[in-house]
Amino acid sequence: MSILLWSLAGALALGWSLGPAPAHAQAPIKIGASLSLTGTYAKPGTYQKEGYEVCADELNAKGGLLGRKVEFVMYDDQSSTQTAQRLYEKLITEDKVDAVMGPYSSGITESVAGISEKYKKVLVSPLAATTSIFRQGRKYIFMVISPAEVYLEGFVDMAAKRGLKTIAVVNEDTLFPKASTAGTVELAKKRGLQIVLQESYPKGNTDFSALLVKIKAANPDIIAAATYFDDAVAITRQMRELNVNPKMFAVTVGGDIPEFYTLLKTNGEYVYGATQWDEALPYPGQKEFLGAYTKKFKHEPSYHAAAGYAGCLIYAEAVKRAKSLDADLVRTELLKLKMRTAFGDYAVDQDGFQTAHKMVMIQWQDGKRIVVWPDDLANGKPRFPTPPWNQR
Amino acid sequence: MLGQVVISGLLAGALYSMVALGLGLIFGVMRVLNVSHGPLLMLGAYTTFWLFQWLGLNPYVSLVVSMPLLFMVGMGLQRLFVRRVVDAPELSTLLLTFGISIALVNLAQLAFTADLRSVEFLTGSFVVGPFAFSKSRVIACAFAIVITMAAFVFLKTTRLGKAIRAVSQSREVAQVCGIDVGRIHMLAFGIGSALAAAGGTLVAVMVAIQPEMGQVYTFKSFLVIVLGGAGNYPGALLGGLLLGLIEQMSSLFLTTQINEAVAYVLLVLVLLVRPTGLLKGRAS
């Protein structure tokens, strides 16, 4: 009896694993990711998710990948590193996805990179900009955007060219803003700017009064804030409330997305933002991406969306060249690949660290995001200096 | 510099006092620590946002909508859920209100999405000499003071207010005197929620609105009523102002990064040294 049962089970299992070949060939390629759809990073995380979706649509419209349909399996990590870790474990071990793509933010990427390495999964991480993540000898992680350290290169450059002398730098106390601040301080010193104040604040902070009072007392020519989004909005508002008047004010992340202006209205004028991408930049495939995105989501993309989109295309291109989903083959192709997408250039060094992509600086002018740096990509001049709040 | 920080601290503190008074009232009357206090504040903020968005209603005028609305919501929550745990062990009340809190935040996320919203109204400040008084914060502070005072007058002088205080002093004796304790519980929860809603309306003009904005006020309110003495209503006033000042001062003299740590260390110290609060709390 038991022998019969066992052989039956064996036959079933065998039948299962061999399966009818054509059905297998047509099963979709499942790509897993966790994204911050709620919590502090909800805004950029949602954009990134939408970027992934546009990419999947585009791939599927062109016949899929390796002849198979592409399907994203995405969960909400609530902007929490612990939740993201759990979700990547689940995606890989329970959902058995064929590939994974990166989550939003450097902190969360750093926390899940160990998991993708453990299971030998390629992790193209479109929204992780902290250098250290890619300098730990990890094999399967790839960077898409410019590193945190150079976010405000343009801001420092513009200030130095205009003969400004002093700078205050503040940042959220998490991985990316810290790296961003370190880079900015380094660049500022190199250009002869004096750091008159440097301070960090905890994630989720909403009251910046005391910090801004200190900045006001230090009276810097320019203020650089390494932010995400909520804090960028809050700092700008409270600068107005406390009448803090630098000649230039820049934020790293958040200042470049449309909601920044929707929330702040005219108080967002003159603020500089760093961005990895702008829809006005003359990159190939830009028009197609913008068209597909606005048609699907009825609003304009941010760079997070474009980076997500491009990261997914880059992964797909490597799979095409490798003609396989095998992590080691795809990795070899990703290391060799040089590609220009709607997001700009992609190329990496042996660590998977981005070497080709360029940052731009934007400024809000009459409700529009104008690219003001670098000169060869700019579509407008910076409005300098920023007038005091009571003269607007 | 110090002056400016004291101003910011007191402006924020008045608001904390009002919100914490709501929490203190509920705790005093029912011995229920309402973890969903912050999310109720969030609902108040959304009420103001939508009225401003749809009808262009002045956010301060929307107090007359948000407070009664959340008063009703509060009474409903009490009638449906909280009533059942009034005499249960403290853990049950914490778990229940924690559950309500999670449910409210997620419902808000579902209904309003996680998008940040803001009520752009009265940005900017009055500049007086070297000091800047944020317009929205000054007005919020003024409203908070008026509402808090009104609540005090209500508790001190009206028959209902006296009944509420009687229940919070001794439920049995109040009951023997013919006070309908169940009704008082419901009203107290409603009033507490209305105070949270007033807080929500006032902060809606100052900070970005999102479903998770409330929790931080739950914790701040805990701090305030511990500092002031649980069940001690004037203590809430003092505790709120104190918390506002402590936060700002520690940001100024230390760094912004540790101002919360400072506040909570203080909480632990107060619990160790003066567990009844800085003003003498009600012995329980």
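How many bridges join strand β8 (residues 222-226) of chain A to strand β9 (residues 248-251) of chain A? The two strands run parallel and are joined by 4 bridges; within this pairing, Ala225(A) has Val251(A) of β9(A) as its bridge partner. The structure is a predicted model, in which local features need pLDDT of at least 70 and side-chain atom pairs count only at pLDDT 80 or more, while totals for chains, interfaces and linings use all residues. Residues are numbered from 1 along each chain as its sequence is written, and chains are lettered from A and ligands numbered from 1 in the order in which they are written. Helices (H or I, at least four residues) and strands (E, at least two) are DSSP runs, numbered from the N terminus.

Strands β8 and β9 belong to an open sheet of 7 strands in chain A, ordered β7-β6-β8-β9-β10-β13-β14, with mixed pairing; two strands pair if DSSP finds at least two bridges between them. At its edges stand β7 (194-201) and β14 (368-373) of chain A, each of which pairs on one side only. On average, neighbouring strands of this sheet are turned by 25° against each other, direction ignored. Axes are lines fitted to C-alpha atoms, for helices over the stretch in contact, and angles run from 0 to 180 degrees between N-to-C directions. Helix α7 (residues 175-190) of chain A lies across β6 (166-172), β7 and β8 of chain A and runs at about 170° to β6(A). Helix α8 (residues 209-218) of chain A also packs on the sheet, where it touches β6, β7 and β8 of chain A, its direction making about 175° with that of β7(A).

A further open sheet of chain A has 5 strands in the order β2-β1-β3-β4-β5, with parallel pairing. Its edges are formed by β2 (70-76) and β5 (141-143) of chain A; each has a single partner strand, so one side of each is left without a neighbour in the sheet. From one strand to the next, the twist averages 25°. Strand β1 (residues 29-35) of chain A runs parallel to β2(A) and is joined to it by 7 bridges, with Phe72(A) of β2(A) as the bridge partner of Ile31(A). Helix α5(A) packs on this sheet, touching β3 (99-101), β4 (123-125) and β5 of chain A, and its direction makes about 165° with that of β4(A).

The domain assignment, which is automatic or taken from a database, divides chain A into domain 1 (26-146 + 282-346) and domain 2 (149-275 + 360-391). The C-alpha centres of the two domains of chain A lie 29 Å apart. Their contact takes 16 residues from domain 1 of chain A and 16 residues from domain 2 of chain A, two residues being in contact if their C-beta atoms, placed from the backbone, lie within 7 Å. On the side of domain 1 of chain A that touches domain 2 of chain A, α3 (42-61) and α5 (106-118) of chain A each supply at least two residues, and α5(A) gives the most, with 3 residues.

Between the chains, 27 residues of chain B are in contact with 32 residues of chain A. The side of chain B that touches chain A receives at least two residues from each of α1 (2-30), β1 (125-128), β2 (131-134) and α10 (233-253) of chain B.
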